[in-house]
Amino acid sequence: MRRSKLALTWSTIKKGSRGEDVKFAQTLLSVICGFTLDRDGIYGDKTFAAVRYFQRESDIFPDDGIVGPDTWSYLSPTLRTTTDPWGYNPYYIEHVVRRLKEDSFYLGAVTDKYTAAVAEGVKNFQRYYKLDVDGIWGKQCWRQWWKTWA
């Protein structure tokens, strides 16, 4: 079944899977998590090992190497204001802020806090790419990030 490139959900992927969702997971594991992976869209041994390691480090059970809803939610979290404990991940926030700053969507200092200024930078990104503008770095932003910066 063919899915829209703008789909806001990701398929469950595992060893042997191929395609855009595999490439997106490889990109997140490489760029944000620091794994050395080919971003070729083929879920092979290296991707499997990186996913299992990521699952263990993130306390995702089972750590079976399958990227399903739980693993996707940790791998591409929704980022919101720092006062929202479910949307606060300083490492991801800092990485996103650096990229927003590099492309002039955000003009402030690099930070690991999701401040009002960062939310405004996210809105600038969303407006530029004609996404729903809400100031929340969620699935639509991750999808556009992958297409734009990966």
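**Labels and the values behind them**

Modeller: Helix α1 is followed by G34, whose phi is positive, near 85°. This is a predicted model, in which local features need pLDDT of at least 70, side-chain atom pairs count only at pLDDT 80 or more, and totals for chains, interfaces and linings use all residues. Residues are numbered from 1 along each chain as its sequence is written, while side-chain values use heavy atoms, with hydrogens and water left out.

Biologist: What makes a stretch of residues a helix or a strand?

Modeller: Both are DSSP runs numbered from the N terminus: a helix is a run of H or I of at least four residues, and a strand is a run of E of at least two. On that basis the protein chain has 6 helices and 0 strands. Its pattern along the sequence is α-α-α-α-α-α.

Biologist: Why is α1 called mostly covered?

Modeller: A residue is buried under 20% relative accessible area, exposed over 50%, and partly exposed in between (1.4 Å probe, protein chains only). In α1, 10 of the 13 residues are buried. They are D21, V22, F24, A25, Q26, T27, L28, L29, S30 and I32. These buried residues pack against α2, α3, α4 and α6, where contact means heavy atoms within 4.5 Å. Across the 150 residues of the protein chain, 43% count as buried.

Biologist: Which residues of α4 are buried?

Modeller: Y92, I93, H95, V96, V97, R99 and L100. They pack against α1 (20-32), α2 (45-57), α3 (69-75), α5 and α6.

Biologist: Why does S76 count as buried?

Modeller: Its relative accessibility is 5%, so S76 counts as buried. S76 is in the loop between α3 and α4. Leaving out residues up to four places away in sequence, S76 touches W10, L28 and W142.

Biologist: At what angle do α5 and α6 pack, and how far apart are their axes?

Modeller: Helix α5 (residues 116-128) and helix α6 (residues 139-149) pack at about 70°, with axes 11 Å apart. That makes α5 roughly perpendicular to α6, because 65 to 115 degrees counts as roughly perpendicular, under 35 as roughly parallel, over 145 as roughly antiparallel and the rest as oblique. The axes are lines fitted to C-alpha atoms over the stretch in contact, and angles run from 0 to 180 degrees between N-to-C directions.

Biologist: Which residues meet where α5 packs on α6?

Modeller: V122, F125 and Q126 of α5 meet Q140, C141, Q144, W145 and W149 of α6. By class, this contact has 5 nonpolar, 3 polar and no charged residues.

**Backbone exceptions**

Biologist: Where is S104, and what is its phi?

Modeller: S104 sits in the loop between α4 and α5. Its phi is positive, about 65°, although S104 is not a glycine.

Biologist: Why does S104 count as exposed?

Modeller: Its relative accessibility is 52%, so S104 counts as exposed. L107, found in the loop between α4 and α5, counts as exposed because its value is 72%. L107 and A117 are 10 residues apart in sequence and 8.5 Å apart in space, C-alpha to C-alpha.

Methods:
Nonpolar A, V, L, I, M, F, W, Y, C, P; charged D, E, K, R; others polar.
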